[in-house]
Amino acid sequence: MATATIQPVERENYLNKHYGVGSWLFTTDHKRIALLYLISITFFFFIGGLFALLIRLELLTPAGDLVQADTYNKLFTMHGQVMVFFFLIPSIPAVLGNFLVPMMIGAKDLAFPRINLLSWYLYIIAGLMMVHCMLTGGVDTGWTFYTPFSTAFSNTKVIEAGLAIFVSGFSSILTGLNFVVTIHRMRAPGMTWSRLPLFIWAHYATSIIQILGTPVIAITLVLVVAERALHLGIFDPKLGGDPLLFQHLFWFYSHPAVYIMILPSMGVVTEIIACFSRKRIFGYSFVAFSSIAIAVFGFLVWAHHMFVAGISVYAALIFSILSYAVAVPSAVKVFNWTATLYKGSIHYDAPMLYAFGFVGLFTMGGLTGLFLAALGIDVHVTDTYFVIAHFHYIMVGGALMGYLGGMHFWWPKISGRLYPEGWARLAALIVFLGFNLTFFPQFILGYLGMPRRYFDYSHMPEFQVLNVLSTAGATVLGVGYLLPMIYFLWSMRYGKPAPDNPWNAAGLEWMTSSPPTTFNFETEPVVTWEAYNYDELDGGHKQEVKVAG
Amino acid sequence: MPDSTVVGLHHEEEHHPELLHHFAEPEQQRDAASFGMWIFLGTEVMFFGGLFLAYLIYRRLYFGDFGAASSSIKAGLGAANTAVLICSSLTVVLAIWGAQTARRSLMIGSLILTMLFGLTFLGIKGIEYKEKFDEHHVPGASFSFDHVPIPGHPDQYANPRHAEIFFALYFIMTGLHALHMIVGLGIFTWLLIMAWKGRFTPEYHTPLEIGGLYWHFVDIIWIYLFPLLYLIDRHR
């Protein structure tokens, strides 16, 4: 593993303290579990990416010629399920959150280290079920499992995929539970709520959604599986059931799930922007409470996915207004980030490039979200590529950019090595360009009326140019994702050893060694300063970790 | 696992045997454990919440049909089970009290009683399921609910399709509840072994407390299931 980098003089740290497969598979160290997650989610990211590649290749030409209709249905279904449930949901919380939450608050570990490991095993069991499902035929319901198609008509492996996502949900719940208890109960002396890094606030808000939302999709999937296996009629209109009930239950989780993906990314970007502008974050408490507000409002907007599904106009009106409301805390964050940048001494290192990318793309994704929250426009663009483009701006342009930015920012801490900065800036640029080339044309396609989930658009050959652009962009994007993968691996062996605080950043995690020891801190830290005290940091007053007692 | 045996770097002075390395003091550890259980119960509320929502929507939509289906279940058995569970909640509290006051036989006796009550509940539930099976009220190919009058409307028959939705929800809700009871019995077996080995003292009995929280929660779910499934608009 990473311990191949060991040199005789290296200090003892969490990577070289124990050796052997067993020391990883039975570890309860939050940092090692974070790395287990990193490897697993990267695996699923490339599986999901492979499906995306095949989708884009099929759409290169108007005719349905690369794959057949059934196969295409499975491709976009499994692309969505793998990317949402096996990559995006665990991405930042389970990797960066796992690694950083205890360190940022000055704890030795999460509150429940063994439950943390259990959560990884649940993820792996779920992942193996999903892989088995894919290898033995796959699913074609769309990632949304809409009934009654999923329960009464589809002849693919709905039950297995449903159970896989059910199990992965418990992994997500346990991570959230662990974070909330840790943030409440494990903070170091002096680490008050108002001194917490905003990364922690973002993860706290995320955890609330994971805890309260995920059980609802779990029970919904239980009902779908039971209905399909036993031919019940709970969601089947032919048997007196109501498919709208399924959609309500599904989106009650799956809309807030978007915030599970984007909130941690916002936390990462906040840390990066403060560090590379060398400034205290503008409006700390606004940024902190906007995370909580997003989590709360996020639970009240789900039916905007169902404007054309036959809900009452009054319900639609309310949900439309509430969906506008959720844009307020999101905009608060964007304004606070830009205000932080104002008159900052900005450094254009790779993490900052990703953060810039995030702010721009998230803003576009968010604003187009308002189009979709508006009843009149939504009816026009429902189930078109406009929707696809919108949520990829949030999930890929937002969540994934934040994840990559965070991986670069904390890589020296995680691995104890520096990544090659020049390559990293190049990769960030490629990702940004590739992303826009892939998804901007889809806004236009959608607005012109190209429906999602179609594999054959030969009646509308004029859509080909935009689709070719999109496929070309996806190829560029793919290169942009492979590059960090390659140079991160390269840096584990050949990268320069990282100093403890390569960015001269504020935050407790930078005050311990790189990589940290198993218990994170030699002595329990006592916090006497606000988060983001870059003024003092750059003024030459070095923070010191005081010894407790 | 290796980590849990490592003595914390600077807590080598006096170290409670049950204190894990990453906690500063037993107080913090107990707080974290019980807080974690409360949050877990929050997730359970949402988990069952989806079912309660589905049930209430259909109950309102197909009120008469659900009333007919509901009346076909024996309320006496459900009432007996309610009483059994309430008694088991008392014995859980007695077990914790026994641990707090160092009365070993009270603690162990109460744990055994709790488990016996739990098993009684599952036994009665089994009898109820058997009856439904014999009456062809289990949803599926052999389901039949023909010519059952709607309560209060003797001239109208219940729609078997709608009654089938009632029974589907009935079996899923009570089945998931029974599954939670079985998990609870597993937890209490482990608690009994720990208690038998003398691991619980007036200073340390956190597992009993959080195991008890879980048990009470499962009881409370039943307290809501019983009137919803058995008693609304009951005419028999």
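Colleague: Which residues touch the most other members of the largest nonpolar core?

Modeller: Start with the general idea: in soluble globular proteins, nonpolar side chains tend to be buried together. In this predicted model, the largest nonpolar core has 235 residues, and A:I105 and B:L169 touch the most other members. Helix α8 of chain A, residues 243-277, gives the largest share of this core, 22 residues.

Colleague: And with which residues is B:L169 in contact, leaving aside its neighbours within four places in sequence?

Modeller: Those are B:L51, B:A54, B:Y55 and B:Y58. As for the spacing of such positions, an α-helix has 3.6 residues a turn, so residues three or four places apart point the same way.

Colleague: Let's go to the contact of the two chains. How many residues does it take from chain A and from chain B?

Modeller: Chain A puts in 36 residues and chain B 32. On the side of chain B that touches chain A, at least two residues come from each of α1 (2-5), α2 (26-61) and α6 (160-196). Of these, α2(B) gives the most, 16 residues. By type, that side of chain B divides into 16 nonpolar, twelve polar and four charged residues.

Colleague: What about confidence: what are the scores for the model, and where in chain B is the pLDDT below 50?

Modeller: The model has ipTM 0.91 and pTM 0.93. For chain B the mean pLDDT is 91, with 93% of its residues at 70 or more. The stretch below 50 is residues 1-13 of chain B, and it has 17 contacts in the model beyond near neighbours in sequence.

Colleague: Now helices. How does the span of α13 in chain A read against that of a straight helix?

Modeller: Take 1.5 Å a residue: a straight helix of 31 residues would span 45 Å. Helix α13 of chain A, residues 385-415, spans only 40 Å between its end C-alpha atoms. If you look along α13(A), you'll find a kink of about 45 degrees at A:F409, shortly before the proline A:P412.

Colleague: Is α13(A) largely enclosed or open?

Modeller: Largely enclosed by the rest of the structure, because 29 of its 31 residues are buried.

Colleague: On to the backbone. Which peptide bonds are cis?

Modeller: The general idea first: most residues other than glycine have a negative phi, and most peptide bonds are trans. Here, the bond from A:T147 to A:P148 is cis, with omega near 0 degrees. You'll find A:P148 in the loop between α4 (113-135) and α5 (149-153) of chain A. The bond from A:S514 to A:P515 is also cis, with omega near -15 degrees. In this case the proline, A:P515, sits in the loop between α15 (464-494) and α16 (534-538) of chain A.

Definitions and conventions:
Residues are numbered from 1 along each chain as its sequence is written. Chains are lettered from A and ligands numbered from 1 in the order in which they are written. This is a predicted model: local features need pLDDT of at least 70, side-chain atom pairs count only at pLDDT 80 or more; totals for chains, interfaces and linings use all residues. Helices (H or I, at least four residues) and strands (E, at least two) are DSSP runs, numbered from the N terminus. The expected span of a helix is 1.5 Å times one less than its number of residues. The bend at a residue is the angle between axes fitted to the seven residues ending there and the seven starting there. A residue is buried if 20 or more other C-beta atoms lie within 10 Å of its own, exposed if 12 or fewer, and partly exposed in between; C-beta atoms are placed from the backbone. pLDDT is the predictor's confidence in each residue, from 0 to 100. Two residues are in contact if their C-beta atoms, placed from the backbone, lie within 7 Å. Ala, Val, Leu, Ile, Met, Phe, Trp, Tyr, Cys and Pro count as nonpolar, Asp, Glu, Lys and Arg as charged, and the others, Gly among them, as polar. A nonpolar core is a set of buried Ala, Val, Leu, Ile, Met, Phe, Trp, Tyr and Cys residues joined through C-beta atoms within 7 Å.
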